[in-house]
Amino acid sequence: TLTAKEIILPRFPQTSPSAPSPVASTFSLPELPVSVLLDEIKAEKITVGAPILGQELSFVLAGQAQLETGAGKVALNVTRLDRPKDTFALAGGYSNTKRDLQLELSLTEADGGLVSGLIGIPGAPSLALDISGNAPIDDFTATISLDTDGSPRLSGDVTLKAAETSDSEDNPSGQMNFAADI
């Protein structure tokens, strides 16, 4: 169990200018010598300051997570405290050995929500975004739908596929091709 009564993040963390640059590599979950099971993840109130998302907001977080022998699962639910119709849910899993990715993401906002404002949708309408997929990560397709004010605006599939290589190894660089049919 991992719980907190209140978490306050007023600004981005300060980083050292000499921090190393991130390097891309093939995705994998950490292989730990022990299993990690969080049967309850809960924060009664998380406050994010205006410098991070352009406005201060508070939300509640609930979920669970598991990591065992290179396989992981997570389920998280977030609800804004001041706008209870604004919700975010994520359920997913991944296995290093099978390289299977499961993803279910849902975002719902009433009119004037954070995401519609951040991405600049005129009038900041209500929105519903759903993304789902379940396949090997080297040939993963996610189905996406976006509705605003209850009307469908965008739907289709987004695909990640391992880049074909000329040698006999299976994509040693981890390069992926991206395609969208929307």
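Is Asp139 buried, exposed or partly exposed? Keep that in mind as you open the viewer; the tour comes back to it.

**Before you start**

This is a predicted model, in which local features need pLDDT of at least 70 and side-chain atom pairs count only at pLDDT 80 or more, while totals for chains, interfaces and linings use all residues. Residues are numbered from 1 along each chain as its sequence is written, and side-chain values use heavy atoms, with hydrogens and water left out.

**Stop 1: the largest nonpolar core**

Select Ile41, Ala43, Ile46, Val48, Ile52, Leu57, Phe59, Leu61, Ala65, Val78 and Leu114. These eleven residues form the largest nonpolar core. Such a core is a set of buried Ala, Val, Leu, Ile, Met, Phe, Trp, Tyr and Cys residues joined through side-chain atoms within 4.5 Å. Strand E3 (36–48) and strand E4 (57–68) each supply at least two residues of this core. Strands (E, at least two residues) and helices (H or I, at least four) are DSSP runs, numbered from the N terminus.

Another core, of seven residues, lies apart from the largest one; Leu105, Ala142, Ile144 and Val158 are among them.

Now centre on Val78. Leaving aside residues up to four places away in sequence, Val78 touches Phe59, Val60, Leu61, Asp86, Thr87 and Phe88. Touching, or contact, means heavy atoms within 4.5 Å.

**Stop 2: Ser116**

Next, select Ser116 in helix H2 (residues 114–118). Ser116 has a relative accessible area of 0%, so it is buried. The scale runs like this: buried is under 20% relative accessible area, exposed is over 50%, and partly exposed is in between (1.4 Å probe, protein chains only). A polar atom of the Ser116 side chain lies 3.4 Å from the backbone oxygen of Pro125. Beyond four places away in sequence, Ser116 touches Glu109, Ile121, Ala124, Pro125 and Leu127.

**Stop 3: the salt bridges**

Side chains of opposite charge can pair when their charged atoms come close. The structure holds five salt bridges, each a side-chain nitrogen of Lys or Arg within 4 Å of a carboxyl oxygen of Asp or Glu.

- Lys5 sits in the loop between strand E1 (2–4) and strand E2 (7–9) and Glu44 in strand E3, so the pair ties together parts that are 39 residues apart in sequence. Lys5 is exposed, at 62% relative accessibility, and Glu44 is partly exposed, at 39%.
- Asp138 and Arg99: these side chains meet in a salt bridge at 3.0 Å, N to O. Asp138 is in the loop between strand E8 (127–136) and strand E9 (139–148), and Arg99 in the loop between strand E6 (87–95) and strand E7 (100–109), so parts that are 39 residues apart in sequence are tied together. Asp138 is partly exposed, at 30%; Arg99 is partly exposed, at 22%.
- Lys161 and Asp139: in this salt bridge the closest N and O atoms are 3.6 Å apart. The pair links distant parts of the chain, with Lys161 in strand E10 and Asp139 in strand E9, 22 residues apart. Lys161 counts as partly exposed, at 39% relative accessibility. And the opening question? Asp139 is partly exposed, with a relative accessible area of 39%.

**Last stop: Ala162**

Finish at Ala162, in strand E10 (residues 151–162). Ala162 counts as buried because its relative accessibility is 18%.

How values were computed. A polar contact is a pair of N or O atoms within 3.5 Å; within protein, one must be able to donate a hydrogen and the other to accept it, and residues adjacent in sequence count only if both atoms are side-chain atoms.
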